[in-house]
Amino acid sequence: MPTYATTTQYTTTYPTEEPPANLTQFLDIASRAVRRATIAAIYDTDEAGAPTDTTVAAAFRDATIAHTRAMIAAGIIDPAAGPAGFTGGTVSASIGRASVTRTARSGIDRDRVALFTGLAPNALSVLADAGLTSTVATW
């Protein structure tokens, strides 16, 4: 299965950000999400399954980069772990003698989970603009 964007393309798009050490893994996971979102699209491919039309390939690349960026911005540190790969975080509140503390993992965020079951809205827009998807985001 092809990966539609390289680490160089990602870092060229976001030159002021330090990419995570596992950027290749993010790009692989994002490429799978792009493939799922375009499952009904019709386009020519090479023997590896990558689009051969330069416009289609650019849309796949840009959508892969956009989805990767969304996962990183959402605090996902290990995309292969699925929803369990979120960064930790603790939220505490207290009133008088009562207090509540919870970690980010105890209330998995709907938008983060959506990044594993669908495509980030910006990435979906890239594909829709190129005529490669007929679905609507349900975020």
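Start with the order of elements: from the N terminus on, the chain runs α-α-α-β-β-α-α. This is a predicted model. Colour it by secondary structure and count five helices and two strands. Among contacts with a separation of 6 or more, 66% join residues 24 or more positions apart.

**Stop one: two helices**

Select helix H2, residues 23-37, and helix H3, residues 54-73. How far apart are the axes of H2 and H3, and at what angle do the helices pack? The axes lie 8 Å apart, and the angle is about 120°. Angles of 65 to 115 degrees would be roughly perpendicular and those over 145 roughly antiparallel. H2 and H3 are therefore oblique to each other. The crossing of H2 past H3 is right-handed.

Now show side chains where the two helices meet. On H2, pick Leu-23, Phe-26, Leu-27, Ile-29, Ala-30, Ser-31, Ala-33 and Val-34. On H3, pick Phe-60, Ala-63, Thr-64, His-67, Thr-68, Met-71 and Ile-72. Colour this contact by residue type: eleven residues are nonpolar, four are polar and none is charged.

**Stop two: Thr-68**

Stay on H3 and select Thr-68. Is Thr-68 buried or exposed? Its relative accessibility is 0%, so Thr-68 counts as buried; the cut-off is under 20%. Next, show what surrounds Thr-68. Setting aside residues up to four places away in sequence, Thr-68 touches Tyr-10, Leu-23, Phe-26, Leu-27 and Ala-30. Leu-23, Phe-26, Leu-27 and Ala-30 are also among the H2 residues in the contact with H3.

**Stop three: Phe-60**

Move along H3 to Phe-60, another residue of the contact with H2. Which residues does Phe-60 contact, leaving aside neighbours within four places in sequence? Select Tyr-4, Val-34, Thr-38, Tyr-43, Pro-51, Leu-127 and Leu-132.

**Stop four: the core**

Finish with the largest nonpolar core, which has 28 residues. Highlight Val-34, Phe-60, Met-71, Ile-76, Leu-119 and Leu-127, the members that touch the most others. H2, H3, helix H4 (110-117) and helix H5 (121-129) each give at least two residues. Which helix gives the most to this core? Look at H2: it supplies eight residues. Two of the highlighted members, Val-34 and Phe-60, are also in contact with each other.

Terms used:
Residues numbered from 1 in each chain as written. Predicted model: local features only at pLDDT ≥ 70, side-chain atom pairs only at ≥ 80, totals over all residues. Heavy atoms only, no water. Helix = DSSP H or I, 4+ residues; strand = E, 2+ residues; numbered from the N terminus. Buried < 20%, exposed > 50% of the residue type's maximum accessible area, 1.4 Å probe, protein only. Contact = heavy atoms within 4.5 Å. Axes fitted to C-alpha atoms, helices over the stretch in contact; angles between N-to-C directions. Parallel < 35°, antiparallel > 145°, perpendicular 65-115°, else oblique. Left-handed = near helix turned anticlockwise from the far one by under 90°. Nonpolar A, V, L, I, M, F, W, Y, C, P; charged D, E, K, R; others polar. Core = buried A, V, L, I, M, F, W, Y, C linked by side-chain atoms within 4.5 Å.
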